[in-house]
Structure formats: structure tokens, C-alpha cells
Amino acid sequence: MQIITMVLILLLAVTVSGFIVRLSPVALPLPLIQIATGAIIASFSPFDVSLDPAIFFLLFIPPLLFLDGWRIPKEAFFLDMKPILMLAIGLVIFTVVGMGFLIDWLIPAIPLPVAFALAAILSPTDPVAVSAIAAKTPIPPRLMHILEGESLLNDASGLVCFRFAVLAALTGNFSLAKASWTFMLVAGGGALIGIVLTYTINLANRWLIRQTGEEPGVQIMISLLIPFAAYLTAEHLNASGILAAVTAGVTMHYSDLTGHTLAATRMQRRTVWDTVQMILNGIMFMLLGLQLPRILESIEEIAIDTGIASLAHLSAYIVCITFALTTLRLIWVWASLKLTLFGKKGNVADKKSFPRLLLVTAFAGVRGAITLAGILTLPLTMLDGTDFPARDLVIFLAMGVILLSLIVASIALPILAAGFEFSEPVAQINKETVARNAAASAAIRRVEDLYRGIPNDQPESLVQMEAAMHVIELYRRRLAHGLRQNGSSHHIRELDVERQMRIEALRAERDQLYQLRLNRQLDDVLHRQLVHEIDLIETALTKQKQH
């Protein structure tokens, strides 16, 4: 009962934190509010939240990595693959090596393998935290796609490096050649398991759908179980469950492209996964806040065990580590962007934007959920039963870096990103117009085929013909006036005004339906059906407006 009560309190706190951010007159990043809320709960709550590292990792990491792999824009990812790989793999190795030796030199109480483990878990970045910070001053879409791609891959590479460092700390043995070969086997095996397992599940699922029909609830449950299945299967076979979860998400994306999922399934599944992502990220930051009072109370014990003089020294270490992480990232970002996006003549990227792009990319290296989840999985004891060296200190430093990086980014990113523009690749220009026109033309051809197939001798033929002509006219009007890039400013403005009027008209319809229901002129079933239809249309129009 205590566990259930605590879970309900955390869910309520996640919900309340969202309202606090929206009601705040100043831009407050959601992760910081959630961390503060968790700390307040821990200060006044009688509950003692102790986390089992293995269970914590299993519950949070697979679905988040799966969702990243599923949703990341693949076209944008492949167009900017070079800078993404430079950041996601090269920067991780650069960070692990540089920060590992720096932490070992800076804090002698931390053994070298543990220092490398801390450096590895600090290497992944958190795009969710960046998005929350930059909510009121959005980062350009192309740069955000690069950051998302970096995060997708550096989550996996950083966590795999973390596992190797922890293993080296436990066994006391490390061979670069053996570790490299093992890394290839573990990583390749995990990626292959994620692809094969997801592809097999989707094949079986499609066969079952053909036999029994599609039920949205069942399809949503299957999508929720796949990341755990991929992760557990890979871990059982001594492969990387992390990469299995990532590749399972990527495979799920391509599987969706070849299938014919019902619209109801797609909409409900998206809503469920949005909720899962919000809950998991929120609870992870809440758990960080819940651990803070306990960590602060143990500072004296940490200082005694490690020979560190005071809280001031610990705080100075956090500042030094955060500064070093930002500096290393700045250096690597400068080199990688020079070699990729800005290294060739005639590149579409505007070279005048390079200094600002450099700073935004550097300060967007916020540590968040993955770092927290990983650091809490540090083993409690060594293989011989003794305490894991400097465990509490390393967790304290990691939490401090998460907090400080969030605070620094909260101040720097809105200033740097205000009014910043970063050009899309040439291949992206006018793609929306081409796609919309192609879709409208296909719709016209389909309706014309139906129109020609309407028999003239049927009583309903006149009604069907009028409906078909009405639909065709709507699509022809879209082709004539709906061009976003190539249309005149007058037509574009006309479409925007028309869209806003349609949204207002739909809201008036819905208000009237609610009034009819309150007056008992509509029953619940019909009321829900009509309101749902209006909601779907309004959602589509609102997304067009935001885009």
C-alpha cells in the first residue's frame, strides 16, 4: 500500500509541475521544477524511497530509448548523419577519455575505472530537457533534429561505455583490444536482436490482424511491450539491451511505413506514448529530487570517507566538472561542425551563423534522465562483498552536474536561441509543397474513379455525384491556393485566416453540442461521437497552424 501511495503521489506531482510551469510568469524549465518538487516531497513525506538499480534501469531506459528510435525524423537524421555521428560517437569517446583522466586527477578518492564510469554516464545528453528549457524560444528544427539524433546514439554509446567501466571497476582488469572486440559483439548483437525481434513480432501481429481484425488497445499494448522484450532478450543473451531497445524503435518506424494501421490506432497509440514519455521523464526527475535530501544529509559521511574537506569543496568539484564538460563539448563541436556542415564551399549552411550555432549546440549539452538512470545503477558492493568505491560521492557529483547543467542551459539557451535561424538542407526545401500537392492529386484521382463508378440509375446516384464533386472541388482549391512556399503572400494569408475561422466555427459547434447535452436534447453516445469528430478536425487544423 505504501508503494502504491507513493506512486500516486509522484504521478500527481508530475501533473502539478506541468501546471506550475504554464502558470509561471517567467520561463522555468520543467525538469528543474520537478526536481524541486521531488525534494519538497522528500522533506515532508514519511516515505523512504530506496531504488533497486536493476529494476529502475529496466523500467525507465528501454521505453525511452525505444520511443527516441521510433520518433526521430529519419530523413533529417540521414541528411545530417555526419555531424550527428561526430557528436554521438566521437564526442562520447572524447568526453570519456578526457573527463575520466581529469576526474581521477581532480578527485584522488575516485579510482580511475570509477572516474571513467562517471565520465561515461555524463556523456549522454537529454533533448527532452533542452526542449523544455527552450519552449518559449524554440531551437531551429534542423538543429533540434541534430541534437535528437546525437542523443539517440550517445545514449546507447555512453551507457555501453558506462557498463564497461563499471565491469573494469568490479574486476580490476581492462584490456582495450578485448574491450573493443567485446564492444563490437555486444553492440552488434544488441542491434541485431532489436531488429529481428521487432520485425518478427510485427509480422506475426499483421497475420493475426488479417485473421481477427485490428483492435487499437491490443496494438498499443504490443508497442508498449516490445522495448522490454527487446531489452530483456538481449540482456539474457549477453548483448546490449540498450542498443536492442534503440534499434527496436527504429525498426518499428519502418514497419509502420509498410503496414496499414488504422487511423484510430495511430492516434490513440501516439497519445498513450506521449503520456508514457511525460510520466517516465517526470518521475525520473522527481526521483532525483527525492534523493537530494538523503544525499545532502550524507555529505558529512561522504567527506569523511573520501577525505574531502567540506561541502564547498564538493560544490567546487561539481562546477569544475560541469565547466570541463562544456569546454570539451565546445572544442569538439567546433571541430566537428567545421569538418561537416561548414567545411565545404557552397554549403547551404550560412557561415555567418557558425559562432551562434556553436554556442547553442555547446550549451544544449544538458545532462538529464539517462545520466540519472545510469548513475543509480552503480552496484552497491564489489565482487568480494566490500562497498563499491566512492559510490555515494559519484552519485552526488552526477546529480550536481545534472542540476548545474540545467540551470546554466536555462539561462544561456533562451538568450542564444532568441531569433536564431539555421537553414534547412537543400533536399528539404519545398518538400512539404510537393508532398501536399501529390497527396491532393492522388485524392482527386481516387474520388474521380469513384465518381465514374457511380451508376446513373440508382436513387442515391445524384447525392453521391454531388458529394464527389464537392470533395474534388475542395482538393482542387487546395492545389490552386494552398501552396505554402510558392503561393503568394495574399493566398497564404487567406488560408491562415480561413483556418482560424474554421477553428472558431468548430469551437462554436462544440459549445452548442455541450449546451444541447446539458439541456438533455442529446444522449451521451451521440454527444461523444459528434464532439470527437469536431476534436479530430480541430486538432488537424491547429497542427497546420502551428507548422
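## Exercises: a residue, a pocket and a cavity

Thr95 lies in helix H5. Keep in mind that this is a predicted model.

**Exercise 1.** Work out whether Thr95 is buried or exposed, and list what Thr95 is in contact with.

*Solution.* 
- Step 1: Look up the relative accessibility of Thr95, which is 4%.
- Step 2: Compare that with the cut-off: buried means under 20%. Thr95 therefore counts as buried, at 4%.
- Step 3: Now set aside the neighbours within four places in sequence. That leaves Thr95 in contact with Gly100, Ala119, Ser123, Leu325 and Leu328.

**Exercise 2.** Describe the second largest pocket: what is its volume, and which residues and helices line it?

*Solution.* 
- Step 1: Start with the volume, about 970 Å³ for the second largest pocket.
- Step 2: Go to the lining. There are 34 residues in it, and Ile93, Ser157, Cys161, Phe164 and Phe183 are the closest to the centre.
- Step 3: Sort the lining by element. Helices H4 (74-79), H5 (81-106), H6 (112-122), H8 (141-171), H9 (176-212) and H11 (241-258) each give two or more residues. H8 gives the most, with eight residues.
- Step 4: Sort by class, and you get 28 nonpolar, five polar and one charged.

**Exercise 3.** Take helix H11 and find how far H11 reaches from its first C-alpha to its last.

*Solution.* 
- Step 1: Count the residues of H11: 18.
- Step 2: Check the span. H11 reaches 26 Å, close to the 26 Å expected at 1.5 Å a residue.
- Step 3: Pick out buried residues of H11; among them are Gly241, Leu243, Val246, Thr251 and Ser255.

**Exercise 4.** How many cavities of 30 Å³ or more does the structure hold, and what lines the largest cavity?

*Solution.* 
- Step 1: Count them: three cavities of 30 Å³ or more.
- Step 2: Take the largest cavity, with a volume of about 100 Å³.
- Step 3: Read off its lining, which includes Leu64, Asp68, Asp126, Asp155, Gln277 and Ile370. Two or more residues come from each of H3 (53-71), H7 (127-133), H8, H12 (263-297) and H16 (369-375).

Methods:
Residues are numbered from 1 along each chain as its sequence is written. This is a predicted model: local features need pLDDT of at least 70, side-chain atom pairs count only at pLDDT 80 or more; totals for chains, interfaces and linings use all residues. Side-chain values use heavy atoms; hydrogens and water are left out. On a 1 Å grid over the protein atoms alone, a cavity is a set of points where a 1.4 Å probe fits but cannot get out, and a pocket is an open set with protein on both sides within 12 Å along at least five of seven lines; lining residues have an atom within 4 Å of a point. Grid points are joined across faces, edges and corners, and a volume is the space filled by probe spheres set on the points. Helices (H or I, at least four residues) and strands (E, at least two) are DSSP runs, numbered from the N terminus. Ala, Val, Leu, Ile, Met, Phe, Trp, Tyr, Cys and Pro count as nonpolar, Asp, Glu, Lys and Arg as charged, and the others, Gly among them, as polar. The expected span of a helix is 1.5 Å times one less than its number of residues. Buried means under 20% relative accessible area, exposed over 50%, partly exposed in between (1.4 Å probe, protein chains only). Contact means heavy atoms within 4.5 Å.
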